[in-house]
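Here is a walk through one protein, from its surface to its cores and charged pairs. Keep the sequence and the 3D view open as you read.

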Amino acid sequence: MKQNLLAVLRLLRAPSAAVGAGILLIVLGAAATASWLFPGDPLEMVGAPFTWPGEDVEFPAGTDLMGRDILAGLFHGARVSLLVGGASAAIALFIGLMVGAFAGYAGPRVDAVLMRITELFQTVPSFLLAIVLVAILGPSLSTIIFALGVTSWTGIARLTRGEFIALREREFVRAAQTLGAGHARIIFLEILPNALPPIIVTTAVLVAHAILSEAGLAFLGLGDPNVVSWGSMVGAGREALRTAWYMTALPGLTIMATVLALNLLSDAVNDALNPKLRRHRAVAPAAAR
C-alpha cells in the first residue's frame with residue numbers, strides 16, 4: 001500500500017505526466033462536447049470550400065475542399081480516434097494477457113505452443129495484416145477495431161509471459177498452492193495483480209499505436225466512410241496539399257499531440273513504478289561527465 005502511494009506521488013510530481021494528462025484531457029473534452037458544440041453531421045457541406053482558418057468567423061479552423069467544417073471534424077474525429085484506440089487496445093490487452101499468462105504459468109509444453117503461435121503473428125507486420133483484414137471484412141468501425149486488436153497483442157503476450165515466469169516461483173505463489181488455491185485463483189488473483197505495472201505502462205503505448213494505425217488505414221481509404229476521423233481528414237486533404245496544406249496539417253497535429261500525450265504519460269507511469277530506473281537515468285549523465 002505504501003509503495004502504491006509513493007508511486008502515485010511520484011506520478012503527480014512528474015512534469016511529463018502533467019503535460020500528457022493536460023493534452024489528453026483537452027482531447028477527451030473535445031470528444032465529450034462534440035455533439036453539443038457541433039450538433040450537425042460533421043460530414044455535411046456547410047460552407048464554401050477552401051476557406052482558410054481565420055478567414056470566416058463561422059469556421060475558425062476553415063473548411064475542406066468539400067466545404068465541411070474542419071473544427072467540427074476535429075471534435076467528432078476525437079471520438080472515433082479515441083474509441084478505436086481504446087477498444088482495439090482492450091482487445092489486444094485481453095488476448096495478450098490470456099496468452100502470456102497461460103504460457104508463463106502452464107509449463108514448457110503449453111509455453112512452446114503458445115509462443116510459436118505468437119511468433120507466427122510476429123512474422124507478418126501488424127499493420128499489413130490489419131490492412132488485409134479490413135479489406136476482406138469491409139471498412140467499418142467495428143472491423144477496424146477488430147483488425148487492430150487482433151494484430152497488436154503479441155508484445156503484451158511476451159511481456160506478460162516474462163512477468164509470470166519471474167513470479168510463479170515466488171513465496172506468495174507457493175503459499176497459495178500450499179493452501180489449496182486453484183490455478184485460476186493463482187493466475188488471476190495472485191500473479192496477475194503483481195504483473196500489472198509494466199503492462200499498464202505498455203497499454204498507453206498500445207492506444208497510441210492504435211490511433212496511428214487507424215489514421216494510416218483511413219489515409220489509405222480503408223476507414224469507415226460513414227464517420228469522420230483524424231486519419232480520414234488527413235486523407236481527404238492530401239488532394240489539396242500544395243494549395244491548402246492546413247487541411248492535413250490540423251488533423252495531423254492533433255494526432256501528433258494525442259500520441260505525444262500518451263507517450264508522456266507512459267514514460268511518467270514507468271518512472272513512477274520503477275524509481276530505481278529513474279535514479280539510474282539521472283546518475284548516468286553525471287557519471288559520464
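The accessible surface of the protein comes to about 15300 Å². Carbon and sulfur atoms hold 68% of that surface. Accessible areas come from the Shrake-Rupley method with a 1.4 Å probe, and for residues only the protein chains shown count as cover.

This is a predicted model: local features need pLDDT of at least 70, side-chain atom pairs count only at pLDDT 80 or more, and totals for chains, interfaces and linings use all residues. Residues are numbered from 1 along each chain as its sequence is written, and side-chain values use heavy atoms, with hydrogens and water left out.

Start with the fold. The protein has twelve helices and zero strands. Helices (H or I, at least four residues) and strands (E, at least two) are DSSP runs, numbered from the N terminus. Among contacts (heavy atoms within 4.5 Å) between residues at least 6 apart in sequence, 73% join residues at least 24 apart.

Now go inside. Of the 289 residues, 42% are buried. Buried means under 20% relative accessible area, exposed means over 50%, and partly exposed lies in between (1.4 Å probe, protein chains only). A nonpolar core is a set of buried Ala, Val, Leu, Ile, Met, Phe, Trp, Tyr and Cys residues joined through side-chain atoms within 4.5 Å.

The largest nonpolar core holds 50 residues. Within this core, Ile 70, Phe 164, Ile 191 and Trp 230 touch the most other members.

Which residues does Trp 230 touch, not counting residues up to four places away in sequence? The partners include Val 27, Gly 73, Leu 74, Gly 77 and Ala 78. Pro 251, Thr 254, Ile 255 and Thr 258 are also among them.

Back to the outside. Val 124, Leu 128, Val 132, Ile 136, Leu 137 and Phe 146 form a nonpolar patch on the surface. Together they have about 530 Å² of accessible area. Patches are made of residues with over 30% relative accessible area and no salt bridge: like charges are joined within 9 Å, nonpolar side chains (Val, Leu, Ile, Met, Phe, Trp, Tyr) within 5 Å. Helix 5 (residues 126–137) gives the most to this patch, with four residues. Leu 137 sits in helix 5. Leu 137 is partly exposed, at a relative accessible area of 47%.

Charged pairs come next. A salt bridge is a side-chain nitrogen of Lys or Arg within 4 Å of a carboxyl oxygen of Asp or Glu. By this rule there are six salt bridges. One of them pairs Asp 64 with Arg 68, with the closest N and O atoms 2.7 Å apart. Is Asp 64 buried or exposed? Asp 64 is buried, with a relative accessible area of 10%.

Another pair is Arg 116 and Glu 119, with the closest N and O atoms 2.9 Å apart. Both lie in helix 4, three residues apart, about one turn of the helix. Arg 116 is partly exposed at 47% relative accessible area, and Glu 119 is partly exposed at 31%.

Glu 119 also forms a salt bridge with Arg 158, the closest N and O atoms being 3.4 Å apart. This pair links distant parts of the chain: Glu 119 is in helix 4, Arg 158 is in helix 7, and they are 39 residues apart. Shared partners join Arg 116, Glu 119 and Arg 158 into one network of salt bridges.
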